[in-house]
Amino acid sequence: MATAYFMELLTRMSDAKTDQEHMEVIIYSKPSIPDRTGYILGKSEKSPLPDMLSVGEKLRTAGAELLAMPCITAHYFYEELEKRLGVPVINGLSETASYLAGEKKTCVGILATDGTIRSGVLQNMLRERGIRSIVPEENSQKKVMAMVYDEIKAGHRADMEKFEQVSGELFRRGAQVILLACTELSLIKKEHPLPAGYLDILEVMALAAVEKCHRVRVEFRHLITE
């Protein structure tokens with residue numbers, strides 16, 4: 001679903017008036033890739049990297065000049081992927097940190113998988129740009145994982161009460177913006193009107209892709225909810 005939504009975002013964000021004015025997009029959806037969080041946390045010995053490299057190579061062979069991964073946890077493997085594929089790969093974490101710095105934000109809350117949070121890659125990107133990050137307390141993080149794995153990945157709607165509880169905690173602790181830093185959580189923003197202060201990393205990635213390949217509609221330049 002995150003991949004399908006990413007394609008929708010590319011289409012909506014592109015400043016095109018006819019079919020022919022849109023960029024060309026090649027999608028390879030491979031849900032059999034081993035779970036990224038499980039591997040990062042040492043709960044699985046099956047590395048997702050070989051499958052990810054295989055997909056990237058097929059896309060490159062098909063003519064792709066720029067690659068994007070609609071999975072935030074997969075960015076743990078970003079450097080290895082770009083080095084071995086020889087094709088530019090959009091770094092959703094770096095793009096997000098740059099976007100927040102441009103918006104003069106100094107403290108953000110992170111809603112993400114255990115894998116993304118434990119890896120520390122996103123927090124490091126933010127720190128390099130002078131942005132402090134806040135992650136949920138242990139019980140709240142369990143709610144985030146339940147939303148991602150037990151609800152959205154399982155084909156159900158997210159429990160918005162859980163979402164609001166965790167968000168409220170992060171805002172109370174000083175977050176100016178809350179990052180939807182898992183592409184399953186991006187679907188919450190797609191399906192529910194959110195109040196002010198949320199930024200969807202999937203939207204940031206789509207914006208970067210359109211900027212690099214096409215022209216962006218003016219209304220998509222500001223992505224933080226108001």
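**Entry 1: burial in α9.** I worked from a predicted model. I listed the buried residues of α9 and found Met160, Phe163, Val166, Ser167, Gly168, Glu169 and Leu170. I then looked up what these buried residues pack against: the strands β1 (107-111), β2 (132-134), β3 (177-180) and β4 (198-200), together with the helices α8 (138-152) and α10.

**Entry 2: length and ends of α9.** At the N-terminal end I found Asp159 as the cap, with a side-chain oxygen 2.9 Å from the backbone nitrogen of Glu161. After α9 comes Gly174, for which I noted a positive phi near 115 degrees.

**Entry 3: the largest cavity.** I searched for cavities of 30 Å³ or more, and the structure holds two. For the largest I recorded a volume of about 80 Å³. Its lining includes Asp35, Arg36, Cys71, Tyr149, Lys153 and Glu184. I noted that α2 (36-40) and α10 (183-191) each supply at least two lining residues. By class, I recorded four nonpolar, four polar and four charged residues in this lining.

**Entry 4: the second largest cavity.** I recorded a volume of about 30 Å³ here. Among the lining residues I found His75, Leu93, Ser119 and Leu122. The elements giving two or more residues to this lining are α6 (114-119) and α7 (121-128). The lining divides into five nonpolar, four polar and no charged residues. I also noted that Ile72 and Thr73 line the largest cavity and that Ile72 and Thr73 line the second largest cavity.

How values were computed:
Residues numbered from 1 in each chain as written. Predicted model: local features only at pLDDT ≥ 70, side-chain atom pairs only at ≥ 80, totals over all residues. Heavy atoms only, no water. 1 Å grid on protein atoms, 1.4 Å probe; cavity = no way out; pocket = protein on both sides within 12 Å on 5 of 7 lines; lining within 4 Å. Points joined across faces, edges and corners; volume = space filled by probe spheres on them. Helix = DSSP H or I, 4+ residues; strand = E, 2+ residues; numbered from the N terminus. Nonpolar A, V, L, I, M, F, W, Y, C, P; charged D, E, K, R; others polar. Buried < 20%, exposed > 50% of the residue type's maximum accessible area, 1.4 Å probe, protein only. Contact = heavy atoms within 4.5 Å. Polar contact = N/O pair within 3.5 Å; in protein donor to acceptor, adjacent residues only side chain to side chain.
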